[in-house]
Amino acid sequence: MESTDCASLANQWQRITSEALFHDTLLNYWRVKVPEIFKSGELDNKQENENLKKNLLQPLEWFICNGEPSQMFQQLKQKSNPPQMCGKVFKSGESIYSCRECAMDPTCCLCVTCFQNSRHKNHRYRMTSSNGGGYCDCGDAEAWKKDVACDLHKLHSSLPNQDPLERLPLDMQQYTRALFSIIFRYCYNVLTMEVEGSIPEQWKHEKLEENFCTMLFNDEVHTYEQVIDTLKKAVSCSEKEAIGYATKVDREGRSQVRLGNQDKCQKAKLIIIKNTAKTGSKPLKVSVMHYALVAHQTFALRLLEWLAEIIAISDGLRVILCQVALEPIDDDQSVTEKLILVDTKLWKGARIGWHQLFMGSLLMDLEYKKRLAALFTKHYREAQFDFIKDDHDHNVSIVSLSVQMYTVPSVARYLVAEHHLIKKIVDTFFDYCSQKHVKDGKLNFERGSNAGLRRLLYSITDLKYVLTCKPEEWSEPMKNGVIEGLESMLKLMQLIQGMNSVSRQTDHHIEIEPEWETAFHIQTRLEPCITLLLDWIGSDQSLLIRAFRIVMLKLRYVITTRKEVKMENKQVSGHNVLCIEYDISTQPVSIHIPITRFLAGLYIHLGKYNLNYYKEGLLPMGSLNPMELMEGPLRIQVLKAQCQVGLWRRNGYALLNQLYNYNSVRFQNETYDKDIIMLQTCAAVLPPDHFLIAVLNRFDLIQCMDTQYDTCALSADDVQARQRNVTLLKEFLELLIIILCERYVVGVGEISDTDRIKREVIHQLCISPMTHSEINKSLPEDAQEETGAEDVVNLVGVFKKSGTTGKGIYELNENCLTSYNQYFYHYTRADKSRSEEHQRKARKNHKSIEVAAMVPPLPPTLCHNYSNMCRILECDIFVHILNTTIARTATSKFWSENSTHKALYLTGLALLEEERLHRESKSFQFSAKASEGNPSLEQNLQSLVGNQRIDVYKDLLEWVLKKFSEVSKLKGNLGTELPLEPKSMDDSKEEEEKKTKAELAQERRKRIMAQMSDMQRSFIKKNPSLFEDTNPLDSRKSSTTSMDVDVSDGPLSYAIALGSEQTLIPVREPSKVTCMLCQEEEKISDDAPIMVLTACIQRSSVLSSTRGKKIADKDSFDPLLKSADRYWGTHVSSCGHVMHARCWQIYTDSLVAKENKRPVRFRNHLSFDLSKNEFLCPLCETVGNTVITLLPDLLPVEKSKKQCDVSVEHMLSLIRDVLREDMELKEEAEITMDTATLSDETPAKQKKDDYKKPFVGKSNIGKSTISSEVWRLLSFNQQTNAKYSLKPHLPVDRTEMLKTFSMSIYTVGLNVMPDDSNSRIPIMCWEAVAYTIQTAELYLRVEEKPLFCSLSSRQADCVNALVRLGAEGITVYNHQHVRKQLLRLLNVLIPISVETSGCSILDVDMFTLLVSVCFSMPVLKEAGGKDELWSANLCADPITNKHIMTLALLAHVTQILLTCDLPEDAGSPVTEDMDDMYCREANCLQKVLRDLYIMAGVKRNVPSAFDLWSHVTTSCLQFLRCSALFFNSLAGVPFPAELRNIVFDEFGVLCRYLAVPANLASLFDSQLIPGVHTFLQIWCSHLVTQERLNHMETLLVRYPVQHNKLISLPYDYSDLMNQVASFVCPKSSGIQGESRAPAMCLVCGQVVCSQSYCCQTEVEEDTIGACMAHALQCSSGVGMYLRVRECQLLLVSSKTRGCFHSPPYLDDYGESDVGLRRGNPLRLCKDLYHKLYILWLQHGIPAEVAHKLEANSNLLHIDWQNL
Ligand SMILES: [Zn+2]
Ligand SMILES: [Zn+2]
Ligand SMILES: [Zn+2]
Ligand SMILES: [Zn+2]
Ligand SMILES: [Zn+2]
Ligand SMILES: [Zn+2]
Ligand SMILES: [Zn+2]
């Protein structure tokens, strides 16, 4: 439809005058057009989308604009007052920010743009990733305390405040209103229509076809697998299609799975229902729909999107939409209201469409938000009940919109005052519970039937939102709203009060553990609401009084109606008190007493208004007396005590779990803490003696306080009961300490909230130093999700950062030591003993006795309402209790050390209190009463001095007595002098103590030693670190060869590794190693048992410079001439641990046997893969898949003056002869076999060849003569040391070991099946040696370490052993193969003609070639006689190697020259600061390059001489360093001492060491290398070379080769999150295409859609997730990913194995935040990231994965392959 058509259509509509007529016209138009456009019902392709826009949407735009829309919209936009709020709706995965200083509540958040432009970025903020839904609150004055709008949104708020409608033309208003209204009704009707089969009458028209579809809807019951399986059966689609449907169903809520006639669709439906009902659950929802209906629904969804776009243009349009949305249609309800009620009937996509439209319209404007909120509140109960029955996630339900309304303070207050919001919410919850879960007037739950309740708990969170912002002013309706809410709340609490009560099991153990968790689930949600409600009520006097009386009456009602209260008389020490009769060991107790606790919470507010329990007029008639009030909390304390004693052992775990939660950080604030407050309240209002007797009575300890208690005769039962009472007494005293000391509650003690938090933090740090997050975890969070620790922690702790990468920890500030109270009430038992131990150690040598004795700290002054509480400390009963306890210390058998300590502690406390009150001139009688009686407390205390029984507490006793006399002095009565223990006695005692301690320690050490050797002997290791401590050197140093042997051997600065000048090295004794399994020590020699080094072979792409390039066909691949871009490679690593070959065999056999015994389904659950020959090093658990045989050192070559130095010239000519002859031979034999391709050699053919030529060279006379001539001349110096000279073949089993090792490299390196006769085996071994050395060199370079001695011993051991083994290859490999390969290598290095030179010199990795040639060169040797044997020493010939090295360097420098890419010479003369020599050299190089260009036909100008010279010398360093490492291992000549440090002239030193000219230009001089020009000519005239050079292809490898790094990550983590937030799953499309777990490959930076069905692929018959698949593609199956949404690192080591690792992002406290739970800003830690890089570089990922899996077996059960 052209725009003219649009215009005319719009015009036509505009001319219609009646709204009804317009409605019919439009609908008629849609009735025809919509099914025409959406042929299959759903939006299928681009074309349909185009048609939709042209035919359906654009006419609407023309209509409302009355003309060309784009222009009009532009104008509107300019005039429009942009919304005061940003309102950006969050995509999932997007980062969102909340300011911890300014946000009204934690749900207020900003989008990244607003955040970046706001002040908050300099505040303390939280960052997290969105789950989708919700919008940016920027600009909402009610969301922020300050800095309400960001700079972007602030700009606009200055525009004049004008009615937005005024800016719209009148006709537009009219058209828009009419259109919106029709659309709203249309969308509502269409989307809520549930018609099976036929199409409703009003949508019919004659052109409609009879097409149907089977529509599948999602539910949260069936799994992905079930859905996929069912679909495959029902609509016989492929797995891939089924996954597509399932994904769509999951994302959008429904999907068409079949199109066709009604029967076909019906059939599919039935199969789906039948299949999914099988499991006994509800079947999947599926219906057969007419395609036209689906088409209308699709269109309706698009209309909603369109509306959202349109109203974003102008605030005027938005206002019209809001009005339309709230305008009543039929039966007085608006569409919005109706939608609240039908939400759960819609499928997911339709719901989201509506919700998002609401967010963009009604919720963007305070006025409409209020109106929507009122509607929402009106139907709150219905919506919640619908939600319970529904099975969709909370965030796709309309009830989740509550957070957008109830968190807005003005809206919440309006609703509380006008719409009974609090009552509404609580009643909804109450009604549901009382319908379903009430028994005997209390809540009662059974296991497995609480799903609905769990969904309903969201409503309690709504209540929290409402209560988050306390009103500053109270209106009468507001107060009423709160009071009616409180009354509802009390109704609910009544159901909770006393629930899950327990009675002690006396005869047998409880049979079924009762359900107890649900009560705590409710508590979790309810707790913040209660805290907030208390805060609300406490802020207004009249409200507080009203509430206090209501709660008091409610409590009385509950207590008195449930059980009659009986009283009994109790007497202690002459005091008589009426106590409540109750026996906890026989009668039920409940730990749920919310009403009592609520009352306690209100009571602490009374003080503010000078109100208290006895205040006239406060208490209603018939209030409970304090004895009754304290009963509930007291019973719980006694229950706890009795549990400690073991009286409740038969009640099982349910009780223990409840008590655990009761005390836990999560719940304590509204449980335990409030109970203590209630007890303190009663302690303050009751006469002190009465209080104490009541408590004693409840503990059943009245008798125990009788002075005659333990003197009368006792039966056995009595003894047991008394012993129990000893423990109960301990608990009683502890409760007393808690009641008296715990005054850190605002309203109880004169403190601020900061003081309270400070004290909490101090006590946490007393347990041990902690990280920031550990401290936070140990403290309760408030409604703002803050603990407050951050503000105080620096006052009481000292922050220490261990290194830059380690966690930062806080240690307790020294001057806080005196605040430590070991009976701190939030300590668990474990905390208590850990803190005691830690403090004892920390204070051991402290001078101050207060600190050393850990005396009680002076508690804060009590508030007025509680001041009477300290009268307990001077009352008769208190002194009596202390005196009795102390007196028993000396004599009684029913005594405990701990009770005495607590009695001393309490005495100290009383004295401290007396001291303070004396200062305030208030009277206090404790010291007076304590000196009364016979014996008095004071006398009893003094008699304890020197008593062995309390030896541990003698410091405390000393301090108490000191304090006593101080206080007595203050009071004027001279206390008795303190009898100090004689000093001498003290000393001798101490010495004795020391002695015993030393003895004990020695014994312990002995025991540990014995244990350790036991452990070593038994194969497997519980504690590897212990082992390493015992013999740190043995296993390491032992196998280390040359590298650190000669450090002390005088100056070696002129060491030379090659040539006739080779530095002499002494013959070494065979090194010794210890088997880590049997602990035997062995020499490495031919006649000793074979020793092996554990090793791990991996395919690697770490050095690749063309990432993603892979070996195309592994079976025909020719690995000989290693490609210069090193795109493949084989790496060998080792943990450095040595074993007997025999022991290793036994060990691996046992592993296999063990595995075979396991059931098949557990087979895979190992941290290593036995099928790949993997095992774990028995000592350090590093994963390995082979072992390297350790071989004796090669013979040092003695320098003999007589020995003739064979010239290069001679060698070259001989080699040329060999090559030529080889060529001629080939021609003769007309062998078609091309040397360049090995692939066509079938194994069978090879065997035949082998058969024909059983011995090397024997088959051909000519060859043999030349060979022998060569070797005569290149005479090896084997005659030096008779003892070693004639080496036999390797002993047979060594040969076998070597063959096995080579085979492992071959099979792993190429990922092929073993094949004994394959000619590629030797090549792979040489390559592995070269690759491993290259990696080691790179590691040193990256770490900026010198070449010398910088490899870790295990790296050095590994390299040495590998090189040694490489040399040994000559004795075992098939010489036929080796010779053939050598000739091909030489054809590149020493080319004799272009035709034979094989591949282009530019394509060869020269170092690999060098290594291969050195290892294979000896095959050219003709065995002269039968007595002459093959020996690895042949490979170490210094003369041959020097020549090879020189030639290889020549070739490499040529590579560098040819590929250099420097700016061309500007003609400036060579700079003068170069001296002559370099000048000449540089000019020579320039000339060489010019010649090369000519030879290669390159038309380029050469760069300046100096540039070129410095480029070449730096570029060949990598090659030289690798070569030095190689020859160092091979020849055993130590590195020159200079290389111990990073040297300035590394180049020069290396050249000298390798005996190559430092003047690189001289390489091109035919004086040095005869015929060099021919070489150059041949190299340059190679076709490929020329082509590469002339096109300067990107394929070209340039030098120095840039090493791979991990990708660079942004410093701020949120940048990374936002970068990845826009990532969509590559296999899905559209708005729903977001990926749930995007993971970023740190090697190449690609983001993949991990852990999701959509992106699974099949590899070698396994279905694997995107991470695994990418790892195979990107880096040989080993991968490192950052899971961006979780901020978690994923390491992947094979298709089925991986582990999580901490990410390189840390917060200011040096901690990572996996899952972004804490939300602190995270920044990249460079050092950590570098460590990860090194881990990758050193191929350490498989080892790390195995370690992690081994350490945590739970990880084995994760399906890594799906990630
Ligand atoms: Zn924003
Ligand atoms: Zn903003
Ligand atoms: Zn802020
Ligand atoms: Zn052994
Ligand atoms: Zn190991
Ligand atoms: Zn990658
Ligand atoms: Zn995907």
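**Exercise 1.** Which residue of strand 5 stands opposite threonine 214?

*Solution.* In this predicted model, threonine 214 faces valine 288 of strand 5. Next, look at the strands themselves. Strand 3 covers residues 212–217 and runs antiparallel to strand 5. The two are joined by 5 bridges.

**Exercise 2.** Work out the strand order of the open sheet, then find which strands stand at its edges.

*Solution.* Start with the order: the 3 strands are arranged 4-3-5. Their pairing is antiparallel. Now take the ends of that order. Strand 4 (254–260) and strand 5 (286–290) each have a single partner strand, so one side of each lacks a neighbour in the sheet.

**Exercise 3.** Which strands does helix 9 lie across, and which does helix 11 lie across?

*Solution.* Take helix 9 first, residues 239–252. Helix 9 lies across strand 3 and strand 4. Helix 9 runs at about 135° to strand 4. Then take helix 11, residues 291–311. Helix 11 lies across strand 3, strand 4 and strand 5. Its angle to strand 5 is about 95°.

**Exercise 4.** How many disulfides does a search of the whole structure find?

*Solution.* The search finds 0. Check cysteine 1667: its nearest cysteine sulfur belongs to cysteine 1641, 8.7 Å away. A disulfide needs sulfur atoms within 2.5 Å, and cysteine 1667 is in none.

**Exercise 5.** Is cysteine 1667 buried or exposed? Is cysteine 1625 buried or exposed?

*Solution.* The cut-off for buried is under 20% relative accessible area. Cysteine 1667 has 0% relative accessibility, so it counts as buried. Cysteine 1625, at 1%, counts as buried.

Methods. Residues are numbered from 1 along each chain as its sequence is written. Chains are lettered from A and ligands numbered from 1 in the order in which they are written. This is a predicted model: local features need pLDDT of at least 70, side-chain atom pairs count only at pLDDT 80 or more; totals for chains, interfaces and linings use all residues. Side-chain values use heavy atoms; hydrogens and water are left out. Two strands pair if DSSP finds at least two bridges between them. Helices (H or I, at least four residues) and strands (E, at least two) are DSSP runs, numbered from the N terminus. Contact means heavy atoms within 4.5 Å. Axes are lines fitted to C-alpha atoms, for helices over the stretch in contact, and angles run from 0 to 180 degrees between N-to-C directions. Buried means under 20% relative accessible area, exposed over 50%, partly exposed in between (1.4 Å probe, protein chains only).
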